[in-house]
Amino acid sequence: MDLNGLIRPDSIIADLAATSKKQALQELSDVAAELTGKRPREIFDTLLQRERLGSTGLGRGIAIPHIKLTDLDRIYCVFARLKNPIDFEAIDNEPVDLVFLLLAPEHASGDHLKALSRISRLMRVPSVLDELRAATSEAALKQILSASASTSHAA
């Protein structure tokens with residue numbers, strides 16, 4: 001699963017100004033709707049249902065909300081760096097400032113898990129986290145994600 005194909009320039013938000021988990025999910029749903037052609041409310045409601053099962057906040061300021069939807073043609077990813085960290089009910093109780101929203105077709109279980117694994121593995125690299133938090137633009141974020149995904153491809 002190649003992250004370079006998943007994270008496109010139009011799916012990166014450099015400074016999301018959300019002040020709550022719900023607002024962040026709503027804004028990410030709006031961006032995902034533009035990319036996928038799905039209704040924002042459908043995406044948002046499905047994300048809320050998923051979060052009720054357990055927070056997708058992994059710790060260290062990272063969250064990977066992920067859902068499956070009908071009629072998607074492929075896996076989509078939206079990356080957002082939040083302007084200010086928010087409570088995401090993460091397992092370490094630390095606020096989240098880096099969010100990867102993953103949307104997969106219902107039938108793509110294997111690819112969905114591979115994408116989650118690749119993102120999770122990438123987010124375990126402290127230097128990548130530092131670079132993402134220090135980047136000054138969407139272009140810089142895309143470059144960091146692309147370079148990091150390429151160098152960790154063998155991982």
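A charge sits over a ring if NZ of Lys or CZ of Arg is within 6 Å of the ring centre and within 35 degrees of the ring normal. The exercises below use this rule and a few others.

This is a predicted model, in which local features need pLDDT of at least 70 and side-chain atom pairs count only at pLDDT 80 or more, while totals for chains, interfaces and linings use all residues. Residues are numbered from 1 along each chain as its sequence is written, and side-chain values use heavy atoms, with hydrogens and water left out.

**Exercise 1. Charges over rings**

Task: Find which ring Arg74 lies over, and at what distance from the ring centre. Then do this for Lys21.

Solution. 
Step 1. Take Arg74. The ring below it belongs to Tyr76, with 3.8 Å to the ring centre.
Step 2. Take Lys21. This residue lies over the face of Phe88, 4.9 Å from the ring centre.

**Exercise 2. Salt bridges**

Task: Say where the partners lie and whether they are buried or exposed.

Solution. 
Step 1. Start from the general idea. Side chains of opposite charge can pair when their charged atoms come close.
Step 2. A salt bridge is a side-chain nitrogen of Lys or Arg within 4 Å of a carboxyl oxygen of Asp or Glu. Buried means under 20% relative accessible area, exposed means over 50%, and partly exposed is in between (1.4 Å probe, protein chains only). Helices (H or I, at least four residues) and strands (E, at least two) are DSSP runs, numbered from the N terminus.
Step 3. Count. The structure has six salt bridges by this rule.
Step 4. Take Arg81. Arg81 is in strand 5 (residues 76-86) and Asp15 in strand 1 (residues 12-16), so the pair links parts of the chain 66 residues apart. Arg81 has 6% relative accessibility, so it counts as buried. Asp15, at 39%, counts as partly exposed.
Step 5. Take Lys21. Lys21 belongs to helix 2 (residues 21-36), while Glu89 sits in the loop between strand 5 and strand 6 (96-105), 68 residues apart. Lys21 is buried at 12%. Glu89 is exposed at 53%.
Step 6. Take Arg133. Arg133 lies in helix 5 (residues 126-134) and Asp97 in strand 6, so the pair ties together parts 36 residues apart in sequence. Arg133 is partly exposed at 33%. Asp97 is buried at 12%.
Step 7. Look for shared partners. Salt bridges join Lys21, Glu51 and Glu89 into one network.

**Exercise 3. The largest core**

Task: Find which residues of the largest nonpolar core touch the most other members. Then find which element gives the most to this core.

Solution. 
Step 1. Define the core. It is a set of buried Ala, Val, Leu, Ile, Met, Phe, Trp, Tyr and Cys residues joined through side-chain atoms within 4.5 Å.
Step 2. List the residues. The largest core has 28 residues, and Ile13, Leu16, Leu28, Ile43, Val78, Leu101 and Leu103 touch the most other members.
Step 3. At least two residues each come from strand 1, helix 2, helix 3 (40-53), strand 4 (66-69), strand 5 and strand 6. Helix 2 gives the most, with six residues.
Step 4. Check one member. Contact means heavy atoms within 4.5 Å. Leaving aside neighbours within four places in sequence, the contacts of Leu103 include Ala32, Ile43, Ile67 and Tyr76.
Step 5. Look elsewhere. A second, separate core has 25 residues, including Leu6, Val128, Ala135 and Leu145.
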